[in-house]
Amino acid sequence: MEGSNTTVPSIVVYVTVPNKDAGKKLAESIVKEKLAACVNRVPGIESVYQWEGKIQTDSEELLIIKTRQSLLEALTEHVKANHEYDVPEVISLPITGGNLKYLEWIKESTRD
């Protein structure tokens, strides 16, 4: 990706949601706003975490979001404004390589 003017620095972002309806609604709003090229919804995950001093276990859905690095802040704000959790998970990982045509499609499918 480095040095290519047909792609942009891109990331994968993970966001968990409490259920299928919340995942569908959030995923669609993210793509509609061109904050991501694609959102995969992975049902049936179980999250184990500490919250307010207690170990919690919840069934959730995982959103795997492919977007531009430059949209992370706007995407994070969109998730926070449209998520029912007090502290929604938004974590990003860099895309360091892959199918050039796919990476070009991420660029073409998202806003500047």
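A crossing of two helices is called left-handed if the near helix is turned anticlockwise from the far one by less than a right angle, and right-handed if it is turned clockwise. In this predicted model, the crossing of α1 past α2 is right-handed. Two packed helices are described by the angle between their axes and the distance between the axes. For α1 and α2, the axes come within 11 Å and cross at roughly 145°. On the α1 side, the residues that meet the partner helix are L26, S29 and I30, and on the α2 side they are L75, H78 and V79. By class, the residues of this contact comprise 4 nonpolar, 2 polar and no charged.

In soluble globular proteins, nonpolar side chains tend to be buried together.

When neighbours within four places in sequence are left aside, L75 is in contact with V13, I30, L35, I65 and T67. T67 counts as buried because its relative accessibility is 0%, and the limit for buried is under 20%. Its side chain reaches the backbone oxygen of L35 at 2.5 Å. With residues up to four places away in sequence not counted, T67 touches S10, I11, V13, L35, A36, L75, I106 and T110.

Positive phi values were examined in two loop residues. K34, in the loop between α1 and β2 (38-51), has a phi near 60°, a positive value in a residue other than glycine. K34 counts as partly exposed because its relative accessibility is 44%, which falls between the limits of 20% and 50%. E52 is found in the loop between β2 and β3. Its phi is also positive, at about 55°, although E52 is not a glycine. With a relative accessible area of 67%, E52 is exposed, since the limit for that class is over 50%.

Note on methods:
Residues numbered from 1 in each chain as written. Predicted model: local features only at pLDDT ≥ 70, side-chain atom pairs only at ≥ 80, totals over all residues. Heavy atoms only, no water. Contact = heavy atoms within 4.5 Å. Axes fitted to C-alpha atoms, helices over the stretch in contact; angles between N-to-C directions. Helix = DSSP H or I, 4+ residues; strand = E, 2+ residues; numbered from the N terminus. Nonpolar A, V, L, I, M, F, W, Y, C, P; charged D, E, K, R; others polar. Buried < 20%, exposed > 50% of the residue type's maximum accessible area, 1.4 Å probe, protein only. Polar contact = N/O pair within 3.5 Å; in protein donor to acceptor, adjacent residues only side chain to side chain.
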